[in-house]
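Student: Could you take me through the salt bridges of this model in one close look, with the cut-offs stated, and then follow them into the strands they touch?

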Amino acid sequence: MSNEEFRAALSRLAAGVVLVTAQEPPLDEEGRGEDVGMTATAFMSVSLDPPLVMVSLRNDSRMDDLLAEQPLWAVSVLAESQRHIAGRFAMKGRISDRLLFEDIPYVRGEVTGAPLAGGALATLECRTEQRVVAGDHTLVIGRVLAARVPSGDGGPLTYFRGTYRQLG
């Protein structure tokens, strides 16, 4: 089986789209670390008791490297109106994370300090419980420390056959 055949087959699986965020530890005691974000479609609930979720990160990506050091991170479940956010944080060869967050409304998570996208359907603040290397990705399992449903408006942003879609 070729990589193209595998990718084509799995592109037929619709997935929700989330923004995973974390804050780098500050370089000094007075500063704040840089915010880091990435779009993910490989995100799922793992357990209700205890509340666990999982995200799959490409090995040696910036987020993988950061979450190997920083145990606190957050997830914003993106609404169908937030396609621009998903696209921005999924770009290859993108600009700095600081600039990516510049004109996106967000609040800081009370528990993690990570950015939570304004207008998201739901937000979760997590602490890493376990990391499992699986091929060219690392599965990061996090305990959910806080969950909120700030916006009930609109449907979810989904990803199907290589493009962002809306339900319905």
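**The salt bridges and their surroundings**

Tutor: Glu24, Glu34 and Arg62 are linked in a network of salt bridges, a salt bridge being a side-chain nitrogen of Lys or Arg within 4 Å of a carboxyl oxygen of Asp or Glu. The model is a predicted one, in which local features need pLDDT of at least 70 and side-chain atom pairs count only at pLDDT 80 or more, while totals for chains, interfaces and linings use all residues. Residues are numbered from 1 along each chain as its sequence is written, and side-chain values use heavy atoms, with hydrogens and water left out.

The structure holds nine salt bridges, and another of them joins Asp35 to Arg108, with the closest N and O atoms 2.7 Å apart. Here too the pair links distant parts of the chain, since Asp35 lies in strand β3 and Arg108 in strand β7 (residues 106-108), 73 residues apart. Asp35 is buried, with a relative accessible area of 9%, whereas Arg108 is partly exposed at 26%.

Helix α2 also takes part through Asp64, whose side chain meets that of Arg131 in a salt bridge of 2.6 Å, N to O. Because Asp64 lies in helix α2 and Arg131 in strand β9, this pair ties together parts that are 67 residues apart in sequence. Asp64 is buried, with a relative accessible area of 6%, while Arg131 is partly exposed at 32%.

Strand β9, which spans residues 122-134, is joined by six bridges to strand β6 (residues 72-77), and the two run antiparallel; strands count as paired if DSSP finds at least two bridges between them. In this pairing Ser76 stands opposite Thr123 of β9. Eleven bridges join β9 to strand β10 (residues 137-148), again antiparallel, and Arg127 has Arg143 in β10 as its bridge partner. The hairpin of β9 and β10 has two residues between the strands, and Gly135 takes a positive phi near 65° there.

Leaving aside neighbours within four places in sequence, Ser56 is in contact (heavy atoms within 4.5 Å) with Met38, Ala42, His137, Thr138 and Leu139. Ser56 is buried, with a relative accessible area of 15%.

Technical notes
Buried < 20%, exposed > 50% of the residue type's maximum accessible area, 1.4 Å probe, protein only. Helix = DSSP H or I, 4+ residues; strand = E, 2+ residues; numbered from the N terminus.
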